[in-house]
Each structure stands twice: as C-alpha cells, then as structure tokens.
Amino acid sequence: MKDLDEEKFCLELRITRDCEKGKIFIDQQNYIEEILKRFNMANSNAVSTPANASLKLDKTMSPSTPEEVEVIKAVPFKQAVGSLLYAAQATRPDIAYAVNMVSQFCSDPGQWHWEAVKRNLRYLRGTTEARLEYSANGTSQLTGYSDADWGGDVDTRKSTTGYIFMKMGEAVS
C-alpha cells in the first residue's frame, strides 16, 4: 500500500479542502465543461433556470412523422441525458428535477424534449463553478425534506415526488 497524499480528483469530482476553515468543497466544473463541449453547448447563452416552468413535457411531443423520426435519430439525446444524470447525482441537485423530467422520454424523444435537454446544458453553462460545501461547523444532524405534486404527469396523472437529505450543511442524497 502506498500513501498518495490527499485525493484531489475522483470519478470526475474535484475535491478541495480548506483546513483552516474546516471546509471541503466538491464540484464537477471540468466534467461539466467537457459535456458542454461534447454536445456543442460550450458557447451557448446561459439561462437562469434548468427548466422552463411554463412547458409541460408529454408523449404528444414525440415524433409523429418519418421525417421527425429521422431528424431526432441524429440527436445524442440518451448520451446527453446520461451525462446530466451523473452530474445531478454527484454534485448538482439543482438540476435533478429537470433532468428527471427529460429522462422519461429516452425511449421516444422529440424536438421539444431535446430543447429541454439543451436548456439544462445552457443552465450548467452559467453555473459551471457551483459546488457543494461541507463544513465542520455545520450541523451533524441529518435533515430531510420531501415534496410531491398532485398528478403532475400529463400522460399518466401520476404524482412526482422529490427529496433532499442534508448533513453538515449540504446535500448528501
């Protein structure tokens, strides 16, 4: 076994320590910049929210003509959603809801679904430096919050629920 000193990168996560203040920061700035380049969104205009609140995605937005099917086949929809899911699970809980909404259409995405994915990427473009901050001074008590809409899925009328658990002042799940 060999001591390689403090970990700085692990699974696309950058770990920064401030020992004097008793803080640890975790971010994915490099990973987010890579996925922005991969999906040609590195020079896109940033937006202030990851989803358009006035747009309800549903199955009727899926392709209905052979031409629309051919156009969407050229779009890397599943790859983009997978990249966003990893970011949402690791360090970006702020995009979790919006990514979950678009991930429901991976089997039959349409142009509006792709536009929603691009909006997520444009949001990340403006927030690449966002990071989680864990503090030794934060409360060690585990705190949880949850909420749900009431039949919010336009297609099935099922409810969508969400939760966040926090410890030491930051999200852990």
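**Note on the predicted single-chain model**

1. Strand 3 (residues 23-27) pairs with strand 4 in the antiparallel sense, over four bridges. Two strands count as paired if DSSP finds at least two bridges between them, and strands themselves are DSSP runs of E with at least two residues, numbered from the N terminus. Within this pairing, isoleucine 24 stands opposite tyrosine 134 of strand 4.

2. The model is predicted, so local features need pLDDT of at least 70 and side-chain atom pairs count only at pLDDT 80 or more, whereas totals for chains, interfaces and linings use all residues. Residues are numbered from 1 along each chain as its sequence is written, and side-chain values use heavy atoms, with hydrogens and water left out.

3. The sheet is open and consists of four strands in the order 1-2-3-4, with antiparallel pairing. Its edges are strand 1 (9-10) and strand 4, each of which pairs on one side only. Strands of a sheet pair through backbone hydrogen bonds, either parallel or antiparallel.

4. As to the overall layout, the chain has five helices and seven strands; helices are DSSP runs of H or I with at least four residues. From the N terminus on, the elements run β-β-β-α-α-α-α-α-β-β-β-β. The C-alpha trace spans about 60 × 35 × 35 Å along its principal axes. Of the contacts with a separation of 6 or more, 68% join residues 24 or more positions apart, a contact being heavy atoms within 4.5 Å.

5. Asparagine 120 lies in helix 5 (residues 111-126). Asparagine 120 is classed as buried because its relative accessible area is 1%; buried means under 20%, exposed over 50%, and partly exposed in between (1.4 Å probe, protein chains only). Leaving aside residues up to four places away in sequence, asparagine 120 touches Pro50, Leu84, Ile95, Ala98, Val99 and Val102. Of the 173 residues of the chain, 33% count as buried.

6. Leucine 142 sits in the loop between strand 4 (132-135) and strand 5 (143-148). With a relative accessible area of 51%, leucine 142 is exposed. Leu142, Tyr163, Phe165 and Val172 make a nonpolar surface patch of about 410 Å².

7. The chain exposes about 11,200 Å², of which carbon and sulfur atoms supply 52%. Accessible areas come from the Shrake-Rupley method with a 1.4 Å probe; for residues, only the protein chains shown count as cover.

Conventions: Patches are made of residues with over 30% relative accessible area and no salt bridge: like charges are joined within 9 Å, nonpolar side chains (Val, Leu, Ile, Met, Phe, Trp, Tyr) within 5 Å. A salt bridge is a side-chain nitrogen of Lys or Arg within 4 Å of a carboxyl oxygen of Asp or Glu.
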